[in-house]
Amino acid sequence: MGDKIKVLMVDDEEKFRSTTEKILQRKGFETVLAASGEEAITKLDEQPDVVVLDVKMPGMDGHQALEEIKKRSPDVPVIMLTGHGALPSAKEALQKGAFDYLAKPCDINILAGKIEDACRHAEDPKAFEEKRVMGVMVPLQEYTTVSAEETVRDAIFKLKASFALKISTTQLMETGHRSVLVMDAADNVQGILAIRDLLELVMPSYLTAPKPSMADSIQYSPMFWQGMFIKEVKQKSQIRIKDVMSPAPLIIEGTASLMEAAYMMMINNVRRLVVEVAGNVAGVIREQDLFFEMEKILRET
C-alpha cells in the first residue's frame with residue numbers, strides 16, 4: 001500500500017459517487033470510481049487498497065461483484081453499502097468475505113474509519129483488536145478552533161462554517177461538532193465554546209434571577225418574548241470568547257482504552273474529552289464516537 005489509501009468506490013448513483021469522491025479526497029484518500037459491478041471488476045487492474053461496494057445495482061449486483069472480486073483479488077477488503085432494513089443482505093455479504101458493511105445514509109467519518117480499519121486488517125489482522133482512543137477520535141485538524149481573544153460573533157461564524165462545509169446527499173451525511181476548541185498560540189486548549197454556552201449567553205439574567213411578584217404573569221404574556229432573541233444575540237456578539245467559554249475538556253491519553261474514555265465521560269458528566277499523544281493535543285473524542293463503536297461491536301457479534 002502506498003502513502004495514500006486507494007479506494008475503489010462502486011455505486012450506480014452518479015451524484016453519490018462524485019460527492020463521496022470529493023469528501024474522501026479531502027480526507028486524504030485516492031479514489032477510483034466505477035458505476036457498475038462489471039466496471040468494478042475491470043478497475044481491479046488499478047490495484048485499489050479497499051473496495052466500497054453498493055449492494056443494490058442493476059446488472060451485476062453487489063453480491064455478485066463481491067464474489068468475483070474475491071476470486072480475482074482475494075486479499076482486497078470490501079466494504080458493502082446496504083439500504084436500511086437490509087440486515088440479511090449484510091450478513092450474507094459478510095459470509096461471502098466482505099470486511100464490513102454500512103447502511104445508507106452513512107456518516108463520512110464512519111466510512112473513512114472503516115476504510116482505514118480495512119487497510120490495517122489487510123496488513124496485519126492482529127492490529128484489528130479493540131481500538132484505543134486515538135483510533136476513534138476526531139483529529140484536531142478536523143475540529144474547528146478559535147482563539148480566546150476572538151469574539152462570540154467570530155465563533156458563531158466559524159462554527160456555522162464547520163456545518164456548511166459538510167456535503168450531504170440522500171445517501172451520505174456528515175455532521176458538525178457542535179462546539180469549537182479555544183486554543184492559545186502554542187496549540188494548548190484553553191477552553192471550549194459549545195452551542196449550549198451560546199444559548200446560555202443570550203439568556204437575559206433577569207429570566208433566571210429571583211422574580212418580582214408579577215414576573216410570572218409578564219413572562220407568559222404574548223409580548224414578553226417578542227424581539228428578545230434578536231436583541232440579545234446582537235448585544236452579546238462582541239463579547240470576547242475568553243469571557244464566556246467553558247473550561248477546557250478533561251484530557252485523556254490517545255493510548256487509553258475506550259472503556260477509560262467512557263468512564264471519564266460518565267463520572268464527570270461530560271460529552272467530549274481532549275486527546276493527547278506524546279504531550280500534544282491530537283484530537284477530541286466525543287460520546288457519539290463511543291456510540292458508533294458500541295453499534296459496531298453488536299453487529300459483529
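Mentor: Begin with the term: a pocket is an open set of grid points with protein on both sides within 12 Å along at least five of seven lines. The model is predicted.

Trainee: How much space lies in the largest pocket?

Mentor: The volume is the space filled by probe spheres set on the grid points. For the largest pocket that comes to about 800 Å³.

Trainee: Which element gives the most to the lining of the largest pocket?

Mentor: The lining has 35 residues, with Asn 109, Ile 110, Gly 113, Lys 114 and Phe 292 nearest the centre. At least two residues each come from S5 (100–103), S6 (106–107), H5 (108–123), S7 (138–139), S15 (280–286) and H12 (287–300). The top contributor, with eight residues, is H5.

Trainee: How many residues of that lining are charged?

Mentor: The lining of the largest pocket includes 16 nonpolar residues and five polar ones. The charged residues number 14.

Trainee: Which residue caps the N-terminal end of H5?

Mentor: H5 has 16 residues and spans 23 Å between its first and last C-alpha, close to the 22 Å expected. Its buried residues include Ile 108, Gly 113 and Lys 114. At the N-terminal end, a side-chain oxygen lies 2.7 Å from the backbone nitrogen of Asn 109, and the residue that supplies this oxygen is Asp 107.

Trainee: Which element gives the largest share of the lining of the second largest pocket?

Mentor: That pocket holds about 560 Å³ of space. It is lined by 20 residues, and Ala 194, Arg 196, Val 270, Arg 271 and Arg 272 are the closest to its centre. Two or more lining residues come from each of S11 (189–194), H7 (195–201), S12 (246–247) and H12. The largest share, three residues, is from H7.

Trainee: How many residues of the lining of the second largest pocket are nonpolar?

Mentor: Its lining has seven charged residues and four polar ones. The nonpolar residues number nine.

Trainee: Which strands stand at the edges of the open sheet?

Mentor: The sheet has four strands in the order S7-S15-S14-S13, with mixed pairing. Each edge strand has a single partner, so one side of it is left without a neighbour in the sheet; these strands are S7 and S13 (251–253).

Trainee: Which residue of S14 stands opposite Ile 251?

Mentor: S13 pairs with S14 (residues 272–277) in the parallel sense, over three bridges. In S14, the residue opposite Ile 251 is Val 274.

Definitions and conventions: Residues are numbered from 1 along each chain as its sequence is written. This is a predicted model: local features need pLDDT of at least 70, side-chain atom pairs count only at pLDDT 80 or more; totals for chains, interfaces and linings use all residues. Side-chain values use heavy atoms; hydrogens and water are left out. On a 1 Å grid over the protein atoms alone, a cavity is a set of points where a 1.4 Å probe fits but cannot get out, and a pocket is an open set with protein on both sides within 12 Å along at least five of seven lines; lining residues have an atom within 4 Å of a point. Ala, Val, Leu, Ile, Met, Phe, Trp, Tyr, Cys and Pro count as nonpolar, Asp, Glu, Lys and Arg as charged, and the others, Gly among them, as polar. The expected span of a helix is 1.5 Å times one less than its number of residues. Buried means under 20% relative accessible area, exposed over 50%, partly exposed in between (1.4 Å probe, protein chains only). A polar contact is a pair of N or O atoms within 3.5 Å; within protein, one must be able to donate a hydrogen and the other to accept it, and residues adjacent in sequence count only if both atoms are side-chain atoms. Two strands pair if DSSP finds at least two bridges between them.
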